[in-house]
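This briefing concerns backbone geometry and helix packing. Please consult the sequence and the coordinates alongside the points that follow.

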Amino acid sequence: MVLPGQTFCGGRFMASPLQGLHPIVRSWFERTFPEPSPPQRLGWPVVAQGNNMLLLAPTGSGKTLAAFLQCISRLYEQLEQGENLDDGIRVLYISPLKALNNDIEKNLATPLAGIEREAQLAGLDLPRLRTAVRTGDTTTSERRSMQKQPPHILITTPESLFIMLASSARAMLGKVQYVIIDEIHALFSNKRGVHLAVSLEHLQHLGGERPFQRIGLSATQRPLSEVAMFLGGGTVAGAGAGAGVGAGAGAGAGAGAGAGASADASGWQARPVEIVDTGQRKQLDLRIELPVDDLAHLPDPSVWPSINRKLLSLVRAHRSTLIFVNSRRVAERLTAQLNELAGQKIAATHHGSLSKEKRLAVEEKLKAGKLICLVATASLELGIDVGAIDLVVQVESPGEVARGLQRVGRSGHLIGIPSKGRIIPKTRGDLLECAALAGEMRKGLVEEAHTPENCLDILAQQIAGMVSADTWSAGQLFSVIRQSYPYRHLPRAAFDSVLEMLSGYYQDQPFAELQPRIYWDKINDAVRASRRGRFLVYTSGGTIPDRGYFGVYLAGSQTKLGELDEEFVAERRLGDRFVLGTSAWCIEEIHRDRVIVSQASRGDAQIPFWKGETTGRGYELGERIGRFNEEAFQRLETEGFVDWACQECLMEHDGAKSLRAYLRKQVASTGALPSNRRLIIEEFQDELGEWRAVLLSPFGAKVHAALFLLLRKLGVEEGLEIEGLYDDNGVILHCPGADEPLRFDLTRLQPAGIEEMLAMEVRGSNLFALTFRHNAARALLLPRSPYGRKRTPLWLAR
């Protein structure tokens, strides 16, 4: 039996989660807070025992302090015991956003200052802990200062950690005791996470036999067991590097079984990681609200005037409102229209193409109550501190359950306060997706994510980075890289082929002129960086692809206002006006990588566009929408449909009636709805009398892109020239000049040969060219052009 105030952890009871804290730290906490929050109550004992930990808890539940406070307490104890902590960083905090890092530094200053005051009240002279932030914005002088006097706690990004490990700054990292990865879900499922996983193993190798504790934090992540293995990495039989932390993965109150099973067939064994799931569900006040009574009958030529009026009424009814949209262009346009409708500037824009200074300025205005509305993209999706938000509004479907929960969770960002969110659909098709997604958000069923494996472009860059600082043997490189979860099954042949490519052994003659990035001395089994390779690691490292953006600078100064897409700039002329960050600017000069502007009156200023902002619906969400469609189809003609939709999908009666009318119209045409078990094909003649075929499917643009390529291939084999488009809801096909409906033998698409057929089709596509360019750049084969050289537009570099 667990008594009140006790915590069960690691097979034993602890009288209090505060038991293991330094007395002054404990005294400060008890004076400041009434009691530990669930993540703190369950997480502190795990950290105190020296175990790796993956902590799952809602936004605003105290996760950051749950990770930091035991680490801070341990550092104070070491300092009091006379240990020298000035020879290196002890706590490494890594987050995916630079802006989040700045917030963490500010928020960390509060408990550190409070603990110092508590020590003074107790008559103790507690040594001061130094903190610092290192990102791409950190100046050269600040970096030099860090190396001379390393901070005890360093807050950084995956990219900056990679650069530090590849340079002389790695000397600061040999004594790291704790690594905290915040918002781990934002890294786990992409190549930034793959990159970070290898950097962590490089860091472990640098520390020798001193394993550091790994702490991962997130509010939305699945499956927990795989995320835990990603966080902890593993050991390779016979490698003898990076011993596991902790004796095992204990299960306790709110803790799941830890990752750390027996070795797999390749000899890789996961390090133990204790999964602490607090079991909390953030209380949601979530509802779908239509901008009009019926989306099929609009009072204006477009739905946007109605959306703007709806948003303005919501903004005026709340103290502070955060509006999320899915693209930067919509953010700029919506902000301008809201301010025009209100007759004053009530809203500002926040997105990744605004300068850091512009973003910080609007964040501070919102936090200080000087701004009542902020229109943002994913740039504010994670835990950046923007103060108390009363309401979050999502315009159009967020596209993912996890993203929707993350965004709505920005309101009520305090323990015990519900998160209030409103979703405003733009079309009836959007209403259908919002309905299915809201039901999943209500249940908290986030999508499963999986980390990419054996990415050879990241492998190439990491090899170049690792040998930039030291000489390695090929076997040693292979073993350390294989300790990371994404490369646990990396074939030695693939590793050797990447080494050969980086060494200048190219199979194709056109690549022979590329300078080698590394030198591989096979006789002495030594791998080291070339001068060119080391330069490219520092100038072209990282995983975020170069989008070819032009910097926007104010004339007569070095003030950067933001960024523009290169294709938008290519269509502009001197004197043109455009909107950026709610202000209008006039183009004065256009250079190879920057646009010089001056302030202008708004007039007929253009709204910029940024290419490649949307990624399309994921397969798992598509399958859920398909299941929802099937259930809606079965209930459609029952008396309880409206009540079911209101309860299941968190919508009002007008929304439920509009949804039913939309679905009824589709059923009247085709007799059924597309679902996860049923695809529907419709045929019709367009205005010119030409036949078109539409394949209706819920599975999303990623699946439909592949399906379109396969259908086009079948058409070519039948002697037909197929044109078409695809989106999240299906594929539309057109054969110019055809005098009868399209006919395909879909039985020819058999699982056995479909992958090979698709691979052949993809090779000649623009998608392949774009992806290849991104991968080649990540592998350091397409370096960024140095300033002063003629710019090659990225759409030509494909």
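Is Leu-650 buried or exposed? In this predicted model, Leu-650 is buried, because its relative accessible area of 19% falls under the 20% cut-off. The points below place this residue beside other backbone features and then turn to one helix pair.

**Positive phi values**
- Most residues other than glycine have a negative phi.
- Leu-650, which is not a glycine, has a positive phi near 55°.
- Leu-650 is found in the loop that runs between helix H21 (641-649) and helix H22 (653-670).
- Leu-780 likewise is not a glycine, and its phi is positive at about 70°.
- The position of Leu-780 is in the segment after helix H25 (766-778).
- Leu-780 has a relative accessibility of 0% and therefore counts as buried.

**Cis peptide bond**
- Most peptide bonds are trans.
- The bond joining Arg-222 and Pro-223 is cis, with omega at about -10°.
- Pro-223 belongs to the loop between strand S8 (213-218) and helix H9 (224-232).

**Packing of H2 and H3**
- Two packed helices are described by the angle between their axes and the distance between the axes.
- For helix H2 (residues 38-48) and helix H3 (residues 63-80), the angle is about 35° and the axes are 9 Å apart.
- H2 and H3 cross in a right-handed sense.
- On the H2 side, the contact involves Pro-39, Gln-40, Trp-44, Val-47 and Ala-48, which meet Leu-65, Ala-66, Leu-69 and Gln-70 of H3.
- Of the residues in this contact of H2 with H3, seven are nonpolar, two are polar and none is charged.

Definitions and conventions. Residues numbered from 1 in each chain as written. Predicted model: local features only at pLDDT ≥ 70, side-chain atom pairs only at ≥ 80, totals over all residues. Heavy atoms only, no water. Helix = DSSP H or I, 4+ residues; strand = E, 2+ residues; numbered from the N terminus. Buried < 20%, exposed > 50% of the residue type's maximum accessible area, 1.4 Å probe, protein only. Axes fitted to C-alpha atoms, helices over the stretch in contact; angles between N-to-C directions. Left-handed = near helix turned anticlockwise from the far one by under 90°. Contact = heavy atoms within 4.5 Å. Nonpolar A, V, L, I, M, F, W, Y, C, P; charged D, E, K, R; others polar.
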